[in-house]
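Hello,

Here is the structure I promised to hand over. Please open it first, then read my notes below.

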Amino acid sequence: MSESLRFVSDYLQLMAMSFMAVVYIFRIRWLLKFKASRERQAPSENVDASSFKGIVYSWANIAMPWSMESTRHMSFFYIQFVVFHLAVAANIGMSLVIPYAPGLMKPMIVVRLLQILFAAACAIGCYRMFRRLSNPAMRLISTPDDLFSLVLLTVWLFASVFAAPNRPDLGEGPLMVYFIMTAFFLVYVPFSKISHYLYYPFTRFYFGRTMGYRGVYPIKRVTQPKPTNNKGIKSI
Amino acid sequence: MAQNARSHKASKVVERMGKKLTRQMVGSLVGCVHCGMCTDSCHYVLANPDDPTYAPAYKADQIRKIFKRNFDWTGKIFPWWVHAQDVRTDEDLEKLKDIVFGKCTNCRRCSLNCPMGVDFATLNRMARGLLVSVGVMPEGVAVVSKDQWEVGNQMGVLPQDYLETLEWLSDELEAEFKDPAARIPIDRMDADIVYAINPREVKPHFLSCGRELDHAQRRMGHDQFWSLLRGR
């Protein structure tokens, strides 16, 4: 391994991660500077609901695609979401495993599984870009940051497909590109929409608290009475 | 410099937004990833499928862009990168008014379908409050709000007018049923049912409501069946 590769895979990553952590600390401090809102109305009389239950339900929402109409009706979109985010998490993990615990990447099955995951996520990224540009509503709400973040992640996932084998002896190019992109990604993330995972616990906490307090969360699906025909007994 | 370029009303809106922001609102303002999952949940979108400006994320962005331009670092430094934009003129406020009052009912269906838990209704309510604080609101809302504050009900019916209306309605009922007991009871303490009238029904629908209740009372052969409240 050359000195250059050692630098970008180790020191550069540490510097980028430290920078990201510092910016995130400032960001959370900034968010906490705003006062927390209070409920002004009386709590719900629904005994099955409470603020606490609402918060737990809201946090668990991500793993319950049946809890939202949007994910219930767009299951393919939900699967894309899961694959894409798993791939990003695995990719971040890989950027730490390669320099500090390369032994974990030795089994070929691990490499192949990661490559399949990254390739699938890369394809999803391309599809999402197409959707963002072709759908009028999506095009209208998309900012340059949205588009750039998606392109950045998609290209980064593409690069990781070639970096996963971790074979600098066959050429350092793929690893160099991968680690430089990872460093850039870490520096850019706090300023982009990709940092939404930082806000996720806050937004879902407050939304869950409100909905639980008001008796909406946890949502209980009620079986709708079947409509009757002319001969039926019930009519609405 | 930027503040000087704003109209007086726009300056007040931005200034008051800073005071109104809570952690919940800020989370919702910075948390949107523009995934578009909310779009199909909005009944305005379903009713206007060809107009993308009804998408909840777009509507929220009209509030979000003001926040980003004035309170968020990325919007302050790179406004074009995140679509941050300030409100400058009264026309900008009028455009915002049309969206927050005319294109959303605060039903929260978009929030319930948002993977991030972005609470658009809270943002919309804040925007409505900010606009009302500088006198920018739909004319109908302004009129009924004024009546509510000054008279006590949104239809602007004075207590004396209300009682007099009931009086001549009673006369009509009495003539219709040819029964001197067919009167509309008011503030009767021993009534079984209290009919608290919807303010909108005082003018157009009261006669029919009163008749229906009186018919029901007569069919059941039950005196002291219902009473109206005089209270505002």
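**A buried salt bridge in chain B**

B:Arg6 is buried, with a relative accessible area of 9%. Keep in mind that this is a predicted model. The partner of B:Arg6 is B:Asp86, and their side chains meet in a salt bridge of 2.9 Å, N to O. The pair links distant parts of the chain, 80 residues apart. B:Arg6 sits in the segment before α1 (8-20) of chain B, and B:Asp86 sits in the loop between α5 (73-77) and α6 (90-102). B:Asp86 is buried too, with a relative accessible area of 9%.

**Other salt bridges**

How many salt bridges does the structure hold over all chains? The count is 19.

In chain A, the side chains of A:Lys220 and A:Asp48 form a salt bridge at 3.0 Å, N to O. A:Lys220 lies in the segment after α9 (196-213) and A:Asp48 in the loop between α1 and α2 (51-60), so the pair ties together parts that are 172 residues apart in sequence. A:Lys220 is exposed at 60% relative accessibility. A:Asp48 is partly exposed, at 37%.

A:Glu3 and A:Arg6 also form a salt bridge, at 3.6 Å, N to O. Both lie in helix α1 of chain A, 3 residues apart, about one turn of the helix. A:Glu3 is exposed, with a relative accessible area of 59%. A:Arg6 is partly exposed at 38%.

Salt bridges link B:Glu167, B:Asp171, B:Glu174 and B:Arg183.

**Cysteines**

The structure holds 0 disulfides over all chains. B:Cys38 is buried, at 12% relative accessible area. B:Cys114 has its closest cysteine sulfur in B:Cys35, also 6.1 Å away and too far for a bond. B:Cys114 is buried, at 11%.

**Chain A overall**

Chain A has 9 helices and 0 strands. Of its 236 residues, 42% are buried. Take the contacts in chain A between residues at least 6 apart in sequence: 77% of them join residues at least 24 apart. Chain A exposes about 13,400 Å², and carbon and sulfur atoms supply 70% of that area.

**A nonpolar patch**

A:Phe7, A:Tyr11, A:Leu14, A:Met15, A:Met17, A:Leu96 and A:Tyr100 form a nonpolar patch on the surface. Together they have about 660 Å² of accessible area. Helices α1 (3-33) and α4 (75-100) of chain A each give two or more residues to the patch. α1 gives the most, with 5 residues. One of the patch residues, A:Met17, is partly exposed, with a relative accessible area of 31%.

A:Gly125 is in helix α5 (residues 108-134) of chain A. Is A:Gly125 buried or exposed? A:Gly125 is buried, with a relative accessible area of 0%. Beyond its neighbours within four places in sequence, A:Gly125 is in contact with A:Phe84, A:Leu150 and A:Thr154.

B:Asp119 lies in the loop between α7 (109-112) and α8 (120-133) of chain B. B:Asp119 is buried, with a relative accessible area of 1%. Its side chain makes a polar contact of 2.7 Å with that of B:Thr122. Not counting residues up to four places away in sequence, B:Asp119 touches A:Phe207 in chain A, along with B:Gln24, B:Ser28, B:Arg108 and B:Ser111.

Best wishes

Terms used: Residues numbered from 1 in each chain as written. Chains lettered and ligands numbered in written order. Heavy atoms only, no water. Helix = DSSP H or I, 4+ residues; strand = E, 2+ residues; numbered from the N terminus. Buried < 20%, exposed > 50% of the residue type's maximum accessible area, 1.4 Å probe, protein only. Polar contact = N/O pair within 3.5 Å; in protein donor to acceptor, adjacent residues only side chain to side chain. Contact = heavy atoms within 4.5 Å. Patch = residues over 30% accessible without salt bridge, like charges linked within 9 Å, V, L, I, M, F, W, Y side chains within 5 Å. Areas by Shrake-Rupley, 256 points an atom, 1.4 Å probe, with all protein chains shown as cover. Salt bridge = Lys/Arg side-chain N within 4 Å of Asp/Glu carboxyl O. Disulfide = S-S within 2.5 Å.
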